[in-house]
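Please keep the sequence and the model in view while reading.

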Amino acid sequence: MINLYDENRFVIGTVSRERMRAENLWHGCATIIVRSVDGSRVYVHRRTDTKDIFPGLYDCTAGGVIDAGENPGEAAERELREELGVEVPLKKLFISKYVDERTRYHVWVYEARTDGPFTHQPEEVAWGGWMDLDELRVKIEDPDWPLVPDGRAIAGEWLRQVSSS
């Protein structure tokens, strides 16, 4: 079961993940941008081919759906631990939303600083490695690079904020 949200980011109940996907219901996600300790690189991974949404594509964030009764910070810590085997302090960056024909969710974006080591969750992560910020900017702007569309939007928003600060 996961938290069911309304369009204004309020939890209005719980729903099964299957129903949320089938009916494209509003839900919440916690997303973590994993940067090297010096901040010059971002950890990028390729999703497994068995993922229920965006299988086999690259992603420059870790994270996932907020479980029933869980707050965004708890979800971010859990997702980072599950997907990459990392437990480090998180910095909350911003809240946004993502909507397309297959999914719609509110997203709480966090940053983690670590150089690893990483332990990939085999059901979720097929490969992972570092990418310099400049290379990531180029990849995000390349529509032919097989990046998850929500990750492209969220990372693009993050990079715009990093550039303006």
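A residue is called buried when its relative accessible area is under 20%, and exposed when that area is over 50%. The model discussed here is predicted. Cysteine 29 has a relative accessibility of 7%, and it therefore counts as buried.

This cysteine belongs to strand 3, where His27, Cys29, Thr31, Ile33 and Arg35 point one way. Gly28, Ala30, Ile32 and Val34 point the other way, and these residues too are buried. Such a pattern can be read against a general rule: in a regular strand the side chains alternate between the two faces of the sheet. Strand 3 spans residues 27–35 and is mostly covered, with nine of its nine residues buried.

Which strands does strand 3 pair with? Strand 8, formed by residues 104–113, runs parallel to strand 3 and is joined to it by nine bridges. Within this pairing, tryptophan 108 of strand 8 is the bridge partner of alanine 30. Strand 6, residues 62–65, runs antiparallel to strand 3, and four bridges connect the two. Here alanine 62 of strand 6 stands opposite isoleucine 32.

The cysteines remain to be considered. A disulfide is a covalent bond between the sulfur atoms of two cysteines. A search of the whole structure finds zero disulfides. Cysteine 29 is accordingly in no disulfide, and the nearest cysteine sulfur, that of cysteine 60, lies 14 Å away, whereas a disulfide requires the two sulfur atoms to be within 2.5 Å. Cysteine 60 is likewise in no disulfide. With a relative accessible area of 1%, cysteine 60 is buried.

Key. Residues numbered from 1 in each chain as written. Predicted model: local features only at pLDDT ≥ 70, side-chain atom pairs only at ≥ 80, totals over all residues. Heavy atoms only, no water. Buried < 20%, exposed > 50% of the residue type's maximum accessible area, 1.4 Å probe, protein only. Pairing = 2+ DSSP bridges.
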